[in-house]
Amino acid sequence: MRGRILALATITLMLIATQGSVANPGGKGDGNRDFVCGGSCHGDPSLSAPSTATISITSGNTAFTGTAYQLDTTIEIDLISHSRILGVFLLSSTNGNGDNPEDHGWNIIQDPSGTTVNYVEVIVPTNGVVSLTWVLTAPEQVGDGDLIVAIHHGAGYEGLAYLGVSEPHSISIDPVPANLPGFALDWSAPNYRVTGDTSPVRVLTQNTTEISVEWKLEGESISHPATVEAGMEDEWLVHLPATMGDGRIVYRVTTSNGEFDVVQPWLTMGTIPPEFDGSLMGARAQGFAGAFMIIALMVSLQGLLQPARRKHELDQTEEVEAAEETPVEPVVEESTLDEDTAYRARLLKYDEHPGLLWDPVDEEWVDDPDYGGDE
Amino acid sequence: MFSQTLHHLVVGLTTGIATLACLCAIAAWISNYFVGAKDARSHLDTASYIAAIAALPLLPIAVLSGTMAMSDPASDAMSYNKFLFTGLTTGFLASMVIGRWRFGPGVWNDSRLSLLQVISAIGTLASITVLGSIGAKMTLGESTMDILPFWPEFDDSVVVNEWLSVMLLIFGLAAMVAAFRFGPKVERISAD
């Protein structure tokens, strides 16, 4: 009994400890991956279904050892998920491990995104056709090699992964003819240039006496010749027009030595913004300056636009306030007495008006205080 | 990690309260065109004033938490723009509060001053919207404002030299002090 409880508890704990499996319907990002991501859920037949997409590879079947090789693939797809994300693999086998062409002697120089991985995710345009290009260096060993394009994608809301695999594209890897012109083995194509940069692209070659370069913006069909300036030995300076924003330029070099003319694969170069030269202190100072200037402007406008002050004819507030603010002179008792004596002196007494005195200044009768009160 | 969570909290509070302040101020201005809306205007004015005062101290907290949440703040145009628009937001919001404080609730009774108040409110609202949009672009990669065809690109910014920025700061501070000290004296406006 105790054993059963222990077993049940262990199983329950294991189930609780197990995290729910979450697929990646929004994609998993570009990277180096084996077929079906190395045996992930997409390899499970109950979670996947064959894709109806058509995958075609349109590249030559011959490559020279250690030289550049371009693989072009076109995928036509009619059913795709609402996010329209399509994952595309470039493989040399479909075993689930060791499928990357780099495991078979190939070297990826450039993938469709401008980096060097064998798996990319792209957004399928509305016409359902995706064209991608990988540029690789062929293996050093002479023989035959296979390159395979595989895809996975969603469709609708069924939750299944749709898988598609192309027919293996067989390539005969031949020895390099003596004196074959090509890129220098230690040269790598620049992936990006800064916006507006017109400095020439430096190309290093071997066994080459002359090169010609054609360029076009990505998506254009017509190419234009580029100006090439010879540098030191096997060094060439290629003048390509500056690009702006998200512009990507593609260019193709033809290496020649009088005996061979080798048309190299198309190379892609993106555009990156110039390095940002702002600082935290500058940002704070600029922010505060903006705040203060707006406050200054609005406060000034408030003063200018306030209603004009109009004084009412009966409003004597200012006069009263001014009077209140006037310092009151100290009352001197002596002067009050003098004033009283002077007042009394000017009063006239008439016999016919007993008890009253005449004030000639104010022209009024006042009571005679000596007569006996205020009658 | 805590800074990010704190930033989300403070930004939510700041944006909500400032938006309330601006919308109430705009509604108070609009109420001038309706007869018998005096009581409503009084309530809207009070709500706007209190909300604006509450939002002001939250702005620097939002900036500080955002600065702490980033590994390298102001090192790209997007985060640099956040500092600039925070400055604009603070300026407009403070102007709104100052206007209401100087003239009292009767500020809405004067057509020119109430227009100035509502311009400050709209400026605050626009700056807050841009700030939120930049934040969404930085964290989510998209913003609801993307649907607008004329929405400006925030991958670029107006960056001036660090010392020039300090000079601008001093100039702005001097201009503000001068506006308060040497500008025309103001009187509260009767609310009746």
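In this predicted model, the side chains of A:E235 and A:R202 meet in a salt bridge, with N to O at 2.5 Å. A salt bridge here is a side-chain nitrogen of Lys or Arg within 4 Å of a carboxyl oxygen of Asp or Glu. Over all chains, the structure holds eight salt bridges. Residues are numbered from 1 along each chain as its sequence is written, chains are lettered from A and ligands numbered from 1 in the order in which they are written, and side-chain values use heavy atoms, with hydrogens and water left out. Local features need pLDDT of at least 70 and side-chain atom pairs count only at pLDDT 80 or more, while totals for chains, interfaces and linings use all residues.

**The A:E235 and A:R202 pair**

- A:E235 lies in strand β18 (residues 235-239) of chain A and A:R202 in strand β14 (residues 201-206) of chain A, so the pair ties together parts that are 33 residues apart in sequence.
- Helices (H or I, at least four residues) and strands (E, at least two) are DSSP runs, numbered from the N terminus.
- A:E235 is buried at a relative accessible area of 13%, whereas A:R202 is partly exposed at 46%.
- Buried means under 20% relative accessible area, exposed over 50%, and partly exposed in between (1.4 Å probe, protein chains only).

- A:D340 and A:R344 form a salt bridge through their side chains, with N to O at 3.8 Å.
- These two residues, A:D340 and A:R344, are four residues apart in helix α5 (residues 333-346) of chain A, so about one helical turn separates them.
- A:D340 is partly exposed, at 39% relative accessible area, and A:R344 also counts as partly exposed, at 45%.
- A:R346 forms a salt bridge with A:D359, and their closest N and O atoms are 3.0 Å apart.
- That pair links distant parts of the chain, 13 residues apart: A:R346 is in helix α5 and A:D359 in strand β22 (residues 356-359), both of chain A.
- A:R346 is partly exposed at 29% relative accessible area, while A:D359 counts as buried at 0%.
- Salt bridges that share partners join A:R346, A:D359 and A:D362 into one network.

**Negative surface patch**

- A:D315, A:E318, A:E321, A:E324 and A:E325 form a negative surface patch.
- Patch residues have over 30% relative accessible area and no salt bridge, with like charges joined within 9 Å and nonpolar side chains (Val, Leu, Ile, Met, Phe, Trp, Tyr) within 5 Å.
- Asp and Glu count as negative.
- A:E324 is placed in helix α4 (residues 317-325) of chain A, and it counts as exposed at 62% relative accessibility.

How values were computed: Areas by Shrake-Rupley, 256 points an atom, 1.4 Å probe, with all protein chains shown as cover. Charge placed at Lys NZ, Arg CZ, Asp CG, Glu CD.
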